[in-house]
Amino acid sequence: MRTYKSVLAEHASRVLQVPETDVLALIEYPPNRELGDLALPCFRFARTLRRSPQEIAAELASALQSVDAFASATQAGGYVNVHFSRSQAAQAVVDQVQQDVDGFLSSRRLAGHRVAIDYSSPNIAKPFGVGHLRSTMIGQAIVRLLEADGSETVGINHLGDWGTQFGKNIVAYLKWGDEEVVRQDPVRELLGLYVRFHEEAKADPSLDDEAREWFKKLEDGDERAVQLWQWFITESRKVFDETYRLLGVSFDYYLGESFYNDKMQAVVDELRDKGLLTHSEGAEVVDLSEWNMPPCIIVKSDGATIYATRDLAAALYRHDELGADRLIYVVGSEQTLHFQQLFKVLERMGRPWAGDCRHVAFGMMKYNGERLSTRRGKVIYLEDVLQQAIQEAKSIIEAKNPNLADKDAVAKAVGVGAVVFNDLKNDRMHEVDFRFEDVLNFDGETGPYVQYTHARACSVLRKAGLKDDGKLTVDAYTQVDDLTWNLVHHLAQANEVFERAVDDLDPSQLARYVLDLCHHFNRFYHDVPILSAAAQLRQERLALTNACRMLIKKVLFLLGLEAPERM
RNA sequence: GCGCCCGUAGCUUAGUGGAUAGAGCGCUGGCCUCCGGAGCCAGAGGUCGGGGGUUCGAAUCCCUCCGGGCGCGCCA
């Protein structure tokens, strides 16, 4: 929909004879709602127009009086503040949300694009810990955001299914493993074997040699090695898929590292043909000193390739074979340099789309201030965290709403929602010190708070007899009090927040937005009677409630949370 | 040593050059004969890490220092 900012910008731009985009960038929300619904500081125009900000603001204020959408325009120092015509705005906003939430949120700016998103990407035979939550849920949210903005997406799980660690896994399993025990709980058992390997290898370095031999066998296609490796993958996948099912996460492709084994020679050949490879300390590298980066190693001194080579092959595959015009990697910030190198090498290889590659980095997850370490067996299983949160939700339901139908399904939605939202609401670059007390708290700025608000809105609408996809038409809003207006005004900002979230690949903006929206709704709900209002008002308030319900549900979906109608 | 990221209330944080720095948790005190109290309201709590600068205006931009994190060729 047409935003109020652009209406203001258009008029101000015409009056002042300055470009509309310049005006648009300056428009802000006044710090105090009595001042107005939008504000335009005029200080910036003073120099070019050779007039005082106050004078400019005064001129604008009087010119904007006549604009239909504005109820008033006043000068306040160097600012001009406008109030919207409330009844007109409320009617338009509520109607448009109900008509088409998707269209209200998005103008489908990415139509025609196809974006590949690499997210989650856990390692085979390793636990899926809380740390993986970040890549998984930020990635999933980005997929939904981009799709909502019109893009096609290709979600890729780049499983860590190759590398020398599998030699260790095989050795440990053959020495100390038991098939039945592993089958019971594959990931935990394999991790135990892996940790034991590292402990014993300290005293007996020959184990490392054995591990190397077994990995070599795997590379050479040794039947036993391949069979064990595939078994590890199968068992790990079962466990991962269980977690993905719980989280509601899915992928278009599971393409692990091993998928590119036969695609790396072509990369090496191309780099060599293009004269980008140089010999250095026994290895072959792409020199990046011109860009102040260390060289990117392509072929190790033992002749083997390395992850950079693999990632290059993967990037080419995603672009050339999967048809993506833009690549996104949702990977921890410790790999920032690697991706800078990767994108630079792609550019030097003559791939113009290298400029459209993005590394969506995020801070590290810690526990009690300490780094989690798979190798030392220091792991918090995401599955455990989710189950605890679900238990917590279940006991709250038993206490507050014991007659609820589908208690288990709701407990799952709320418990998982709490964990997911908790991770999505903050700036992803921040380090996270994982604390159960935060995740298991369902009050305040949390997923359950948003879900609760949604359920509340559903409840009112249900009592009013509104059908599931019903729409309530209102011809004109009569009285729009402050609480109602604050809610409408916030609703109207959905589109600009959505676009910022897409542009920044930052789901936390939407998480913050929906928290604010819920807060405004709860205040409205608390103080403004809906069902008991007189017929006309009742209809207006129900329509507004319905619009909120729809938008909250939509945003929860984008963030990967369910929206139960009762809880 | 070099590079990147982070530093805002006891804790977690919002804020992408504009007006009096907003929230949540925790704490204190209110609000269910009224649409769901996982809620609402109020209170206490801030030298926006320190210091310089740019600007009419800086938590925000630049410089510098301090504290923390992550990287810095054959792991991914």
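Reply: Start with one bridge pair: S72 has H83 as its bridge partner in β3. A second pair sets T74 against N81 in β3. Before going on, note that this is a predicted model: local features need pLDDT of at least 70, side-chain atom pairs count only at pLDDT 80 or more, and totals for chains, interfaces and linings use all residues. Residues are numbered from 1 along each chain as its sequence is written, chains are lettered from A and ligands numbered from 1 in the order in which they are written, and side-chain values use heavy atoms, with hydrogens and water left out.

β2 and β3 run antiparallel and are joined by 6 bridges. Two strands count as paired if DSSP finds at least two bridges between them. Strands are DSSP runs of E with at least two residues, helices are runs of H or I with at least four, and both are numbered from the N terminus. The turn between β2 and β3 is a hairpin with 2 residues between the strands. There, G77 takes a positive phi near 65°.

On to the other partner of β3. β1 and β3 share 4 bridges, again in the antiparallel sense. P41 stands opposite Y79 in β3. Put together, this is an open sheet of 3 strands in the order β1-β3-β2, with antiparallel pairing. The edges are β1 (38-41) and β2 (70-76), each pairing on one side only. From one strand to the next, the twist averages 20°. As background, strands of a sheet pair through backbone hydrogen bonds, either parallel or antiparallel.

What lies across β1, β2 and β3? Helix α4 (residues 53-64) does, running at about 165° to β2. Axes here are lines fitted to C-alpha atoms, for helices over the stretch in contact, and angles run from 0 to 180 degrees between N-to-C directions. Contact means heavy atoms within 4.5 Å.

An N or O atom in the side chain of R47 is 2.8 Å from a phosphate oxygen of RNA strand B. R523 places a polar side-chain atom 3.0 Å from a phosphate oxygen. S301 works through its backbone: an N or O atom there lies 2.7 Å from a base oxygen.

β3 (79-84) is one of the elements that each supply at least two residues of the surface near RNA strand B. Also among them are α3 (43-49), β8 (283-286), α16 (382-400) and α22 (508-527). α19 (447-463) is on that list too, and α19 gives the most, with 8 residues. By class, the surface has 30 nonpolar, 15 polar and 22 charged residues. Ala, Val, Leu, Ile, Met, Phe, Trp, Tyr, Cys and Pro count as nonpolar, Asp, Glu, Lys and Arg as charged, and the others, Gly among them, as polar.

Follow β8 next. Strand β7 (residues 277-280) pairs with β8 in the antiparallel sense over 4 bridges. S280 has A283 as its bridge partner in β8. This hairpin also has 2 residues between the strands, and E281 takes a positive phi near 50°.

Finally, α19. Helix α17 (residues 407-424) packs with α19 at an angle of about 130°, with the axes 7 Å apart. α17 and α19 are therefore oblique to each other. Angles under 35 degrees count as roughly parallel, over 145 as roughly antiparallel, 65 to 115 as roughly perpendicular and the rest as oblique. From α17, the contact takes A413, V414, G417, A418 and F421; from α19, G447, P448, V450 and Q451. These residues divide into 6 nonpolar, 3 polar and no charged.

Notes
Polar contact = N/O pair within 3.5 Å; in protein donor to acceptor, adjacent residues only side chain to side chain.
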